[in-house]
Amino acid sequence: MSDIASHLLRIEIGENPAERLDKALAALVPEEAALSRSRLARLIAEGAVARNGQPVTDIKAKVAPGEIYEITLEPPRAVETQAQDIPLSVLWEDEDLIVIDKPAGLVVHPAPGTEDGTLVNALLHHFGGKLSGIGGEARPGIVHRIDKDTSGLLVVAKSDRAHHGLAQQFERHTVHRHYSALVYGVPSAADPRLRGIRGVSFEAGNILKITSQLARHPTDRQRQAVLFSGGRHAVTRARVVESFAGIAALVDCWLETGRTHQIRVHMSHVGHGLLGDPTYGGKRKLPVRIIGAEAASAVAAFPRQALHAATLGFIHPVRGEELSFTSPLPADFEALLTRLRSASAP
């Protein structure tokens, strides 16, 4: 919970927290606040983190469930990212927000190695320099992200009031997001292997539910890892839409929470990694004897994780009306589906 006027972020420590303060806060701060563990450590050292009104300056201080910490953030400061005239597919726009259909390959935020040519550069141009701010840095309204090689829907705030209203909806898990994914194998409640995996359960209608904590991988900072203590709570549900010869499936995944790489790491955890995923998909290949050489080659050559943010629904943070958007599968995803259907037809 945050105090908008004073840029105060309040964090309540939950059950089974990390032992030291910086790690506990890093696991709990909302992702939209953009507070890395190193930045949190600096804020602690500077006296910007308080418990019961008293600054706590030791990053290794012990924490306990139920404690409330207040983090005082600096007012937003301007970014130096340049505006670039990059085409955007706009599904909705008003004075407070914009909904974008992002193509695969477009990075959302500038980062080392990708300083320009991002969605942020495009938004800066599109907005004419009008930014909303949060987390101590003026940013062009980014309240959630999808990976570079994931296509589909994003909502972006154009005003501070919309930014905070949307951020609250994401924090409360009231935003409806469904993703289309192509996975290895066919998840089924009848599979005893699945039922033996920690964090897995099934709901009515053969809906797979995956519940765990997620945190950065201890040795590979570019990956996320499944945990069952510490980290951030994460819940993914998945339903099979179409099966291809029993060796691959199109699934509808929806998020109760929204964590980095959540669908990709959760589906990999249960043995149904995404086709084309270089990070979590492993080195699996579809068997040529079942699917045929042409389809197997098409899957092997697919250049990205087969994941598409297909639907997005939320309450307009200013008008109060319910909004819902859909995005059709992009051409590369649809072409791969066509290959799999043809190869698995009787």
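**Entry 1**

I began with D191 and R193, whose side chains meet in a salt bridge with N and O 3.7 Å apart. For this term I used a side-chain nitrogen of Lys or Arg within 4 Å of a carboxyl oxygen of Asp or Glu. I then looked up how covered the two residues are, taking buried as under 20% relative accessible area, exposed as over 50% and partly exposed as in between, with a 1.4 Å probe and protein chains only. D191 is partly exposed, because its relative accessible area is 22%. R193 is partly exposed too, at 39%.

A note on the source: this is a predicted model, in which local features need pLDDT of at least 70 and side-chain atom pairs count only at pLDDT 80 or more, while totals for chains, interfaces and linings use all residues. Residues are numbered from 1 along each chain as its sequence is written, and side-chain values use heavy atoms, with hydrogens and water left out.

How many salt bridges does the structure hold? I found 19. One of them joins the side chains of K62 and E19, at 3.7 Å from N to O. K62 sits in the loop between β4 (54-55) and β5 (68-72), and E19 in the loop between β2 (8-12) and α1 (21-28), so I noted a link between distant parts of the chain, 43 residues apart. Helices (H or I, at least four residues) and strands (E, at least two) are DSSP runs here, numbered from the N terminus. K62 and E19 are both exposed.

R319 also forms a salt bridge, with E95, and their closest N and O atoms are 3.9 Å apart. R319 lies in the loop between β17 and β18 and E95 in the loop between β6 and β7 (97-102), so this pair ties together parts 224 residues apart in sequence. R319 is partly exposed, with a relative accessible area of 43%.

**Entry 1: strand β17 and its partners**

Next I followed β17, residues 307-315, where 7 of the 9 residues are buried. I counted two strands as paired if DSSP finds at least two bridges between them. β10 (residues 151-157) pairs with β17 in the parallel sense over 2 bridges, and G152 has A309 of β17 as its bridge partner. β11 (residues 176-184) runs antiparallel to β17, with 6 bridges; here R177 is partnered by L312. β18 (residues 322-326) is antiparallel to β17 as well, over 5 bridges, and L312 stands opposite F325 of β18. β17 and β18 make a hairpin with 6 residues between them, and G320 in the turn has a positive phi of about 85°.

**Entry 2: aromatic rings**

F325 made me curious about rings. I took rings of Phe, Tyr and Trp (its six-membered ring) as paired if their centres lie within 6.5 Å, with planes under 30 degrees apart stacked, over 60 edge-to-face and the rest tilted. The whole structure has 2 aromatic pairs. W92 and F325 form an edge-to-face pair, 6.1 Å centre to centre with 70° between the planes. W92 is in β6 (residues 90-93) and F325 in β18, so the pair ties together parts 233 residues apart in sequence. W92 counts as partly exposed because its relative accessibility is 24%, whereas F325 is buried at 9%. W92, F314 and F325 form one aromatic cluster.
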